[in-house]
Amino acid sequence: MQTADGRSIQILGHPIASGGWVATHEDITERRRTEERIAHLAHYDALTDLPNRTLFRDQLAHELTRVARGQNCAVIYIDIDEFKGINDSLGHPVGDELLKLVAERLRECVRSRDVVARLGGDEFAIVQTDVKDQSDIVALVAHIYEAIREPFECLGHRLLTDASIGIALAPRDGSDLDQLLKNADLAMYAAKADGRRTYRFFEPAMDARVQARRTLEHDLRDAIADGGFIKGGFEIYYQPLLRLADDAITGCEALLRWRHPVRGMISPAEFIPVAEDIGVINQLGEWVLTTACMEAASWPDDIRLAVNVSPVQFRSHLLALKVAAALVTSGLAPERLELEITEAVLIRDDEVALGILHRLRALGVRIALDDFGTGYSSLSYLQRFPFDKIKIDRCFVTDIAEADGSSAIVQAVVNIASSRRMTTTAEGVETEAQKQLLRTLGCTEMQGYLFSPAKPAAEVRALIASHRKMIVAA
Ligand code: C2E
Ligand code: CA
Ligand code: CA
């Protein structure tokens, strides 16, 4: 029985020995509420109150009975890009708040018949019902991106995030529940592997590619044990930078190498993005920094060390502290260390990253803008932070010596840099003609196969010594 104020009263009749009945009235409001809460928890995610994986599967199964009667539906997997980085650097309460807000926005994107669920971690899924054709799905996905790319205010942090989305369509990509979920997951992985911030519809060929990527993730996790200890297989090569005015070596760039137990050497261009995704770039980056600083401390005092720092590392307030620690441990003077960052660090008008850059600069460390000319490359990035150096990307250097090549662009960059007291390094110089032209254009330094590729530490130490003798003799 329910009372007017919503309490549940249980009335039980007990027969008694003398014949007749005794009725007991028991207030079971609390018990009933507990039972309801338990039932709710079994089907809903405690953090976001969205349906959990169990309920999601039930509802999808139900929707698939409609598919059997001629309807279409889409399963949309959504994975928040670089969520682990946010969680690790800003703390779990901030991560949780972000997930709650994402859940709210996703709920607002869909119609009432559609299902939004949290499958766990930073993974969400939607069942889009009554789909007429692919354009219905594209419209919803566009809507989701719009919602997710708006800044989030999480416990005092302004966060920008993005998502990788995978889509499987029933019955086209399967009408069996598990098959459909697997295909949506594969498509999501493909979106991640294609550089994130994008969506992919399932294609049968994705299976093999995703398997390869999963294996790489697994092997990379394996190479970096818990606690950030680097087990092995990683090595740092060093590529010298040459001053164009007098051909002296001014420094070396540390370039990470990974010798995979089965595949052999794998390019950092392939595994660094994976390390960023699975949240091991901070450990890996810290190892590179410390190891390279120790090595550079053994070089002559006038030779600098350049280290690449991933934009993901700029999410962590600990970065400046770790740089300071590497300098202290190695005894390398701060002004001998140069950190190379890409404009991706500054793309989001990110106060955290700018704050970290200024703290690094306060340590005495130099900051170079890497890969200048690729990506968005607006000159406005030069206004946001006073860089010490601009590295002109290889794509401009390649055709610089040709008739209608990039020499005018390089000239413009050199002019802008020198008016702001920045130096310039041309990357990927492979021919004497390129080198001569760069010297004429007023570029400060060059780096490239013409002088030397990146080499193991011992070889570079020897190269520095022999080059020095050669220059003194000349
Ligand atoms: P990057 O910073 O632009 O490094 C320059 C890349 O160009 C290196 O490739 C280098 O070996 C290559 N290179 C140098 N000279 C020439 C040349 O004359 N011709 C040609 N064709 N290529 C040349 P690498 O070592 O494969 O590194 C690729 C990228 O991986 C780097 O690009 C950098 O973005 C990233 N990376 C490497 N090590 C690290 C690291 O320790 N941390 C982070 N976050 N990223 C790293
Ligand atoms: Ca670099
Ligand atoms: Ca570069």
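Guide: Helix α2 passes helix α6 in a right-handed crossing, a crossing being right-handed if the near helix is turned clockwise from the far one by less than a right angle, and left-handed if anticlockwise. Helices (H or I, at least four residues) and strands (E, at least two) are DSSP runs, numbered from the N terminus. This is a predicted model, in which local features need pLDDT of at least 70, side-chain atom pairs count only at pLDDT 80 or more, and totals for chains, interfaces and linings use all residues. Residues are numbered from 1 along each chain as its sequence is written, chains are lettered from A and ligands numbered from 1 in the order in which they are written, and side-chain values use heavy atoms, leaving out hydrogens and water.

Visitor: At roughly what angle do the axes of α2 and α6 cross?

Guide: Two packed helices are described by the angle between their axes and the distance between the axes. Here, the axes of α2 (residues 53-68) and α6 (residues 177-193) come within 10 Å and cross at roughly 115 degrees. Therefore α2 is roughly perpendicular to α6 (65 to 115 degrees).

Visitor: Where is P171 placed?

Guide: P171 is in the loop between β8 (163-170) and α6. A cis peptide bond, with omega about 5 degrees, joins A170 to P171.

Visitor: Which residues come nearest to ligand 1?

Guide: A residue counts as near if one of its heavy atoms lies within 4 Å of the molecule. Of the 21 residues around ligand 1, the nearest are Q239, L256, R257, E430 and Y449.

Visitor: How far is a polar side-chain atom of R257 from an oxygen atom of ligand 1?

Guide: A polar contact is a pair of N or O atoms within 3.5 Å. For R257 the distance is 2.8 Å, and for a polar side-chain atom of N308 it is 3.2 Å.

Visitor: Which element gives the largest share of the shell around ligand 1?

Guide: Strand β11 does, with 4 residues.

Notes. A polar contact is a pair of N or O atoms within 3.5 Å; within protein, one must be able to donate a hydrogen and the other to accept it, and residues adjacent in sequence count only if both atoms are side-chain atoms. Axes are lines fitted to C-alpha atoms, for helices over the stretch in contact, and angles run from 0 to 180 degrees between N-to-C directions. Angles under 35 degrees count as roughly parallel, over 145 as roughly antiparallel, 65 to 115 as roughly perpendicular and the rest as oblique.
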